Amino acid sequence: MPQIPIIMPQLGESIAEATVIKFLVNPGDAVETDQDVLEDETNKATMNVSSPCRGKVEKWLVKTDVSYPVGAVLGYLEVSAADAATFGVDQPAATPSADNGSKSPAPDRVTKVEPTVRGLPVPAHAAGVSYISPRMKARMTELGLHAADLAGVAGSGAAGRLTVQDFEKFISDLEKRRLSPASSMRVAVADAMRRSWTRPLATVGLPVRMDAVLAHRKASDPKPGPTLYALRALALALAENSAPAGRLIGNKIVHPEAIHVGFAVEAEDGVLVPVIRHADKKSLRELVGAYNELLEQARQRRLPPDATGTCIATVTNYGTFGLTWATPIPLPEQTLVLGLGAGRKVPFWDEAKGQFVPVVEAQLTLSFDHRVLDGGAAGRLLARIAALMEKPAGL
């Protein structure tokens with residue numbers, strides 16, 4: 001029977017590879033169209049690969065706990081001649097031949113891939129030490145290290161230069177310590193933060209009274225989370241003026257095409273950022289269901305591909321950890337990240353009553369790329385967000 005390949009799909013805009021973690025069917029099993037046949041793990045979520053059509057699994061070419069690039073052949077499916085013709089296959093798949101010595105590419109020989117953003121390679125160039133010799137660069141590449149990993153190593157060379165001997169001693173000392181492998185998500189977060197930190201970043205902050213938000217939330221059904229109030233306010237403020245969310249590319253400001261806003265979710269040794277598309281087009285009430293669903297999917301690391309990827313800003317509620325103030329870092333492809341701190345009761349001077357009254361107050365912070373925004377523009381944007389949050393009925 002003719003065979004068609006089962007291909008590693010593009011599991012998200014910034015995903016270049018995935019690790020096979022489980023086979024959901026075995027060779028010889030019959031499968032239906034779109035049936036899940038294999039489970040993969042990316043640095044963002046756990047997702048399934050589905051069968052392209054009805055047929056029988058002929059063989060798998062891959063192993064579990066090994067990463068394969070997008071487009072890699074994972075296995076083959078025996079299909080009918082009609083389905084094979086539909087997929088443009090009219091000959092059986094090539095198999096190793098003992099006569100001519102030819103063979104299929106070994107599945108363990110995986111092409112090296114790099115993280116991508118919008119299909120473009122984004123290498124993580126980190127600058128921790130001032131000079132790295134070609135010899136040391138080759139050794140670091142061999143070990144999978146970045147310059148930032150050497151930030152705490154004292155050099156014994158001229159003018160404090162780090163020598164190869166210093167480097168090898170550092171590696172030898174590490175091997176004597178207790179080591180554990182970093183998760184794929186932790187490595188991805190580290191890579192993103194290294195790239196983010198190549199820009200001049202700044203943070204501004206101001207307090208926002210949360211009493212109106214808390215009263216509105218209590219009276220609402222379903223109840224929006226505090227993060228969603230901040231997200232919706234940010235979306236409306238950027239809909240009024242999207243320039244603060246623009247990206248500086250060369251000598252041009254690239255303005256956003258739509259108001260897609262993400263929100264940070266802690267998930268198993270890392271952070272995921274689900275994206276709410278066109279957050280300015282739907283009311284707060286209309287967004288609650290989608291927000292809650294994305295929140296749960298992120299916690300389970302099962303976000304669908306269309307719920308990740310490009311967004312113009314992120315909201316993070318570090319108040320859930322009891323923090324009142326923080327300086328979060330925008331993602332590499334973003335200019336802004338809005339932070340919300342924990343609410344606290346504080347005295348507030350009421351002009352009408354002529355006395356102090358207790359209010360619940362939280363700190364709002366806005367971290368931004370200082371190449372695109374200055375303090376004044378960032379402060380005006382943050383003040384507008386706070387004003388919108390203090391009138392939640394308009395969200």
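Predicted model: local features only at pLDDT ≥ 70, side-chain atom pairs only at ≥ 80, totals over all residues.

**Exercise 1.** Determine how β19 is joined to strand β21 (residues 355–369), and identify the bridge partner of G339 in β21.

*Solution.* Step one: β19 and β21 run antiparallel and are joined by five bridges. Step two: within β21, G339 has T365 as its bridge partner.

**Exercise 2.** Determine the direction in which strand β18 (residues 313–316) runs relative to β19, and find the partner of V315.

*Solution.* Step one: β18 and β19 run parallel, with four bridges between them. Step two: V315 is bridged to L338 of β19.

**Exercise 3.** Is strand β19 (residues 336–340) enclosed or open? Examine each of its faces in turn.

*Solution.* Step one: the side chains of a regular strand alternate between the two faces of the sheet. Step two: on one side of β19 lie L336, L338 and L340, and on the other V337 and G339; all are buried, so both faces are covered. Step three: because five of the five residues are buried, β19 is largely enclosed by the rest of the structure.

**Exercise 4.** Classify T46 as buried or exposed, and list its contacts beyond four places in sequence.

*Solution.* Step one: T46 belongs to strand β5 (residues 46–50). Step two: its relative accessibility is 12%, and buried means under 20%, so T46 counts as buried. Step three: leaving aside neighbours within four places in sequence, T46 contacts I21, E39, D40, E41, R301 and R302.

**Exercise 5.** State what share of the protein chain is buried.

*Solution.* Of the 395 residues in the protein chain, 41% are buried.

Methods:
Residues numbered from 1 in each chain as written. Heavy atoms only, no water. Buried < 20%, exposed > 50% of the residue type's maximum accessible area, 1.4 Å probe, protein only. Helix = DSSP H or I, 4+ residues; strand = E, 2+ residues; numbered from the N terminus. Contact = heavy atoms within 4.5 Å. Pairing = 2+ DSSP bridges.
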